[in-house]
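Reader: I would like a close look at one part of this model, the packing between the two chains. Take me through it piece by piece, with the cut-offs stated.

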Amino acid sequence: MNAHEALEHTMNREMSPRVLSRTGGVLYLIIIAIGVFGEMFVRRRLVVPGDAAGTAAKIQSMESLWRFGIAAEYLLLICGISLAAIFLILLRPVSRDLAWLAVFFNVVSLTVEAVAGLNLIAALFPLGNANYLSAFEPEQLHTLARLAIRTHGHGFSVALLFFGCFCVVAGYLIFRSGYLPKALGVLMQLAGVSYLTHSFALILAPTLADRIFAVIFIVPFVAETSLAFWLLVKGVDVQRWSERVRAAQQQLPTRF
Amino acid sequence: MTLRTIEPAQQTAAKVAGFLYLLTTVMAVYAEFFVRSRLIVSDDAARTASNIAANAHLFRASIVCDLLMAAGVVILNLALYQLLAPVHRSLALFAASWRMFEVSTHAAAAVSSFVVLRVLSGADYLRAFEPGQLQALARLFVSAHGSGYIVALLFFGLGSTTYFYLLVRSRYVPRVIALLGFVGSALTVLFVLARMMFPAWEPAAIAAVRELPTVALVLLAIFFAPILAFEVILGVWLLAKGVRLPEHP
């Protein structure tokens, strides 16, 4: 038995697709909840648009909420990496190559998000009371904090660009799978297109991006929440899943 | 190492890799040499700032190129992995991981370029700083992008050296081409490490090369150009010829 057959063997014996998709559904819901929490209840509450001094004052007065948001963000990323591994196993029977491609895109987006998250921590530095900061005027320090928050926003949209690519590929695999509803595949692809539109708009026409921000995230929210609930409640169609796995295994001797 | 067959999937992967080698190289060259090196004046923050502000669209286009290139390398990386995993699975996985590091670092570095545009945007909250201070800040973020780029280049070099080593071993393409890429990627790693350790080395080397007589420059170019262009040479070869098994194993 070569390494690959051993892997398939283990996959069949130990990793029930049902358990995997349930776990995936739970992880996905946690991710969505943290994402909404961070955006609506932390950043929307503490960041005052166009007012660096007001933003600084709010963050200083609710520093622990800001820090809690950052911690939640990194918890989200841990869940995200685990979910990527689950998607790899769930979508592999459709096309090994494309499932890997999807995971590659996903991992890049998570890494960029991790780096972008550092800026949320960096926003706190100029707002502290360390001695060396007295070289700057208070307004300058507020501006530095504001810039760090802006940087996070841009990093996040770069991450979404790669996540958009993931959604398009994963959506295609879901559509083709036969063991997950075709509609979910289409929705995920629409979500991917929304993310890509947003990210490119932010680079090429930033004012347009600000205006469509609220609208453009409705599609991904609906798509990802539906997928998460479907994975949790219904999971994959186990009979069709086994057929696909068997079909994929028959092709295996010619593959690596 | 004996490889008896080439799978159809490997042949497809070779074509995809060839196409993406060319596409990503074009985007990288455009962003670096047609935009950044024209707009950025290395020791003049004020002129750099006014160049970027006056050509904001061009600068944005270079960021788009950086990100599209990163997305292209994700696909290129998968194609190279598919092509070379049969030669040595673990080494191919190593190479693929290094190039994933490269893409992530590259994409994260692109964020600094956005900040450059933000700092020069003239938004209200930026009035806390003098124009000269904003120009200096913008220059710092230009440098931050440059540092990120160099870090990405290190992982590129490591991944690419490993891939080309596998390509040499496999004999899928003429050995000259594979060796060119191997030497070129290995030199990239050395160059990056040298630049990180001895920042003064690069300008000194450039100044020294400029002093050389024309004949020596031409000879140098003839010798080094193929090593610098290994991605293009391999890309063209893979697209035109694909991969094949050695005739005399």
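Author: F200(A), L202(A), I203(A) and L204(A) in α7(A) meet R60(B), I63(B), V64(B), L67(B) and L68(B) in α3(B). Contact here means heavy atoms within 4.5 Å. Helices (H or I, at least four residues) and strands (E, at least two) are DSSP runs, numbered from the N terminus. By class, this contact of α7(A) with α3(B) has eight nonpolar, no polar and one charged residues. Ala, Val, Leu, Ile, Met, Phe, Trp, Tyr, Cys and Pro count as nonpolar; Asp, Glu, Lys and Arg count as charged; the others, Gly among them, count as polar.

This is a predicted model, where local features need pLDDT of at least 70, side-chain atom pairs count only at pLDDT 80 or more, and totals for chains, interfaces and linings use all residues. Residues are numbered from 1 along each chain as its sequence is written, chains are lettered from A and ligands numbered from 1 in the order in which they are written, and side-chain values use heavy atoms, with hydrogens and water left out.

Now the geometry. Helix α7 of chain A spans residues 182-204. It packs with α3(B) at an angle of about 150°, the axes 9 Å apart. Therefore α7(A) is roughly antiparallel to α3(B). Axes are lines fitted to C-alpha atoms, for helices over the stretch in contact, and angles run from 0 to 180 degrees between N-to-C directions. Angles under 35 degrees count as roughly parallel, over 145 as roughly antiparallel, 65 to 115 as roughly perpendicular and the rest as oblique.

Next, the whole interface. In total, 34 residues of chain B are in contact with 34 residues of chain A. The two chains bury about 3,300 Å² between them. Of that area, 77% is on carbon and sulfur atoms. Buried area is the accessible area (1.4 Å probe) that two parts lose on being put together, summed over both. F114(B), R118(B) and Y125(B) supply 20% of the area that chain B buries against chain A, more than any other three residues.

Which helices of chain B each supply at least two residues of the side that touches chain A? They are α1 (8-39), α3 (56-84), α4 (89-119) and α5 (131-170). The largest share, 12 residues, comes from α3(B). This side of chain B divides into 25 nonpolar, five polar and four charged residues.

Now the polar terms. Across the interface the rule finds zero salt bridges. A salt bridge is a side-chain nitrogen of Lys or Arg within 4 Å of a carboxyl oxygen of Asp or Glu. Six residue pairs are in polar contact across the interface, both residues at pLDDT 80 or more. A polar contact is a pair of N or O atoms within 3.5 Å; within protein, one must be able to donate a hydrogen and the other to accept it, and residues adjacent in sequence count only if both atoms are side-chain atoms.

Over all chains, the count comes to six salt bridges. E39(A) forms one with R43(A), the closest N and O atoms being 3.4 Å apart. Because they are four residues apart in helix α2 (residues 17-46) of chain A, E39(A) and R43(A) are separated by about one helical turn.

Last, the chains themselves. Chain A has 10 helices and zero strands. Chain B has nine helices and zero strands. Along the principal axes, the C-alpha atoms of chain A fill a box of roughly 70 × 35 × 30 Å. For chain B the box is roughly 70 × 45 × 30 Å.
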